[in-house]
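I wanted to go through the contacts between the chains, one interface at a time.

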Amino acid sequence: MKQPLIVLMTDFGVRDPFVGLMKSVIWTHAPGVPIVDLTHDITPQSVREGAFWLRTSEGWLPPHAVVVAVVDPGVGGPRRALVVESGGRVFVGPDNGLLGFAASKVSARSHAIDLTRLGLGVPSRTFHGRDVFAPVGARLATGRLAPTEVGPRVDDLVASPIPEPEVQGERVKGEIAVVDRFGNLITNIPWPLARATQGRGVLVGGEIVTFGETYSDALPGGLVALENSFGLVEIACRDASARERLALSVGAEVWVIGQDGS
Amino acid sequence: MKQPLIVLMTDFGVRDPFVGLMKSVIWTHAPGVPIVDLTHDITPQSVREGAFWLRTSEGWLPPHAVVVAVVDPGVGGPRRALVVESGGRVFVGPDNGLLGFAASKVSARSHAIDLTRLGLGVPSRTFHGRDVFAPVGARLATGRLAPTEVGPRVDDLVASPIPEPEVQGERVKGEIAVVDRFGNLITNIPWPLARATQGRGVLVGGEIVTFGETYSDALPGGLVALENSFGLVEIACRDASARERLALSVGAEVWVIGQDGS
Amino acid sequence: MKQPLIVLMTDFGVRDPFVGLMKSVIWTHAPGVPIVDLTHDITPQSVREGAFWLRTSEGWLPPHAVVVAVVDPGVGGPRRALVVESGGRVFVGPDNGLLGFAASKVSARSHAIDLTRLGLGVPSRTFHGRDVFAPVGARLATGRLAPTEVGPRVDDLVASPIPEPEVQGERVKGEIAVVDRFGNLITNIPWPLARATQGRGVLVGGEIVTFGETYSDALPGGLVALENSFGLVEIACRDASARERLALSVGAEVWVIGQDGS
């Protein structure tokens, strides 16, 4: 039997009671279903960051998880609310690109939520996390509602905003996708793609940072480019913050330089 | 059968292990009972803010929830510890006004916690969240303890400190009750009360902010007064922080101006 | 029957999805097992602070809890991963002193985790919280894995870095071990040890702070040394932050002065 479980990801923070209210609604509909807080500290309204972390985390989420993701600058407007079946999991969230990576899989099927059909009433204009996504996610988790029952099948979803790396000759162009708590700069470049260039490192912020295997391959205060725990190129600064050291933030260009150093 | 569930709200933050210790005690007494963290970031010792958020959130908390609320500047002193039955839910917390909104309902019944009767031993002087409210809440959630059994019935509770709006002729005087993560200014004025004035907006921080329906009714960087997801008047700044834009904080006056603009 | 339960403590913060991924892995292996977040805001890489809070909290953790603790600056290097049975609980974490207090108990037994024996595959170099400690902790919690089965018995663990107070004649020398959210300075000096000196207070930051029973034993803005909820000497400032008032931080010396004031 499938073990019901909900994964939550939002940009609500945990300072205000917004996440607590989502859980209250979830547990009103699905008492005690386990809830994983993936993170609630997505940069406010950054669909791109939310989409990136969700895709990057996906492989470790429990099979059959119902993933409720809310980064929703268009709340209250005409954007659709979605349920996407993808890879054994079910994703619930706004149609703004956040779930695009999941919906673009060959076997994925997406449906738009029809509030009337579900008898959910009129939601508030600004808090669909509580009024739409939480109750729909809860009913899906319990199995009382099937993804195909939430509303009409849709295929014209907003595409994923996650930036993809580009191979340009012997080089790979990518960018800093997110920065973690420790100031490590996480790029959108898969490690195998970077290593395939047979280059010796990356060009970022005007500096060449050589590849290493662990943080300790750099001198204290020095930089290293390594494979992080998600299989991506990450630029780290030993015992310090690479973000501060390079004064860079999300979106900055990162080049994997080729074998000849160009 | 009632599904046991505990809702926690405190001003402890989550940086220190205080909330984790409350949960450890709860799960020692009531293994695995679901716990919702409403928020732990109430401004330290602000009973008023805690009471406001609790009352505002109440309608979405699961029926039969046991709500353990700890904002407790008087801990260790003579203030009583309470269990309040109200509206199908049970509230546990200090007698300092935090639970006043719940206790003031006609059908509510309040009891003072008698530690000796409950065999709880001598609590620490500074952490009744762990030593009193957590174990009492846990026993109430499991049903092993009834609210009427915790101690004597009491009726002379400290009143709620939540500020109430005042109707003054065609105008309504209220205040900023809380500020959320996004810098939205949440007032204590119910939207229907504000609209009943047939006025065109609110006067706040020397500016007149007109009513709108969504954030997008303002120009980028502009202000709008709208109905928020709790049915209250909220002052928001499109794509920015109203708090910063108006340089205002909790307690600042807000006037709903009348139909003639006065 | 033992009620399975996991306690988590890390220095990962909750801004990034690292803790959410640990829980995802735990619930993949042990669906729905209750998880207490003791704290995830240990100062990054401070094994000493993590060890202090863990030992200080231990008495309130549920009996039979599986405690997964990750403060792990040596991740990816040669440091061992441990499972320590101690006092009815099971501790899982790196061999860097974090679990030293638990392992040093007379009846404690420690084993080093053998990933190959457990069929866990090759972990990432930087995130053993997700790849080693979470799955091992989950299997221990369900009882499918016994502590003695994880790998070889070991006895030469890295010792605890928790600083111990020293009795010097009539005085006791200690230090500020952690500072809480409110700016209270929590020392490593047990209250009974301090009181045994029959002295009248502590010398800290060049000031003598007299003993009291509650925060209200100080004037507003004044300092007091009292027994905190963990049975330790704590220096607090009424209605303010002792850290800011004294401009001190972790590691600063604290002396309990003797009866003659020396």
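I started with the interface of chain A and chain C, where the rule finds two salt bridges (a side-chain nitrogen of Lys or Arg within 4 Å of a carboxyl oxygen of Asp or Glu). I looked up one of them: Asp41(C) pairs with Arg181(A), with the closest N and O atoms 3.4 Å apart. This is a predicted model, so noted: local features need pLDDT of at least 70, side-chain atom pairs count only at pLDDT 80 or more, and totals for chains, interfaces and linings use all residues, while side-chain values use heavy atoms, with hydrogens and water left out. Residues are numbered from 1 along each chain as its sequence is written, and chains are lettered from A and ligands numbered from 1 in the order in which they are written.

Next, polar contacts. I got eight residue pairs across A and C, both residues at pLDDT 80 or more. The term covers N or O atoms within 3.5 Å; within protein, one must be able to donate a hydrogen and the other to accept it, and residues adjacent in sequence count only if both atoms are side-chain atoms.

Which elements give two or more residues to the side of chain A that touches chain C? They are strand S2 (35–39) and helix H2 (47–57) of chain A (DSSP runs numbered from the N terminus, helices being H or I of at least four residues and strands E of at least two). S2(A) has the largest share, five residues. By type, I wrote down 14 nonpolar, six polar and five charged (Ala, Val, Leu, Ile, Met, Phe, Trp, Tyr, Cys and Pro are nonpolar, Asp, Glu, Lys and Arg charged, the others, Gly among them, polar).

Extent: 25 residues of chain A contact 27 of chain C, contact being heavy atoms within 4.5 Å. The pair buries about 2,300 Å², 62% of it on carbon and sulfur atoms (accessible area, 1.4 Å probe, lost on putting two parts together, summed over both).

Then I turned to chain A and chain B. Here the rule finds two salt bridges, and I checked Asp41(A) with Arg181(B), closest N and O atoms 3.5 Å apart. On chain A's side, helix H1 (18–29) and helix H5 (128–142) each supply at least two residues. H1(A) gives the most, eight residues. The side divides into 11 nonpolar, eight polar and eight charged.

Last, confidence. Chain A has a mean pLDDT of 95, with 98% of its residues at 70 or more (the predictor's confidence in each residue, from 0 to 100). The model scores ipTM 0.95 and pTM 0.96.
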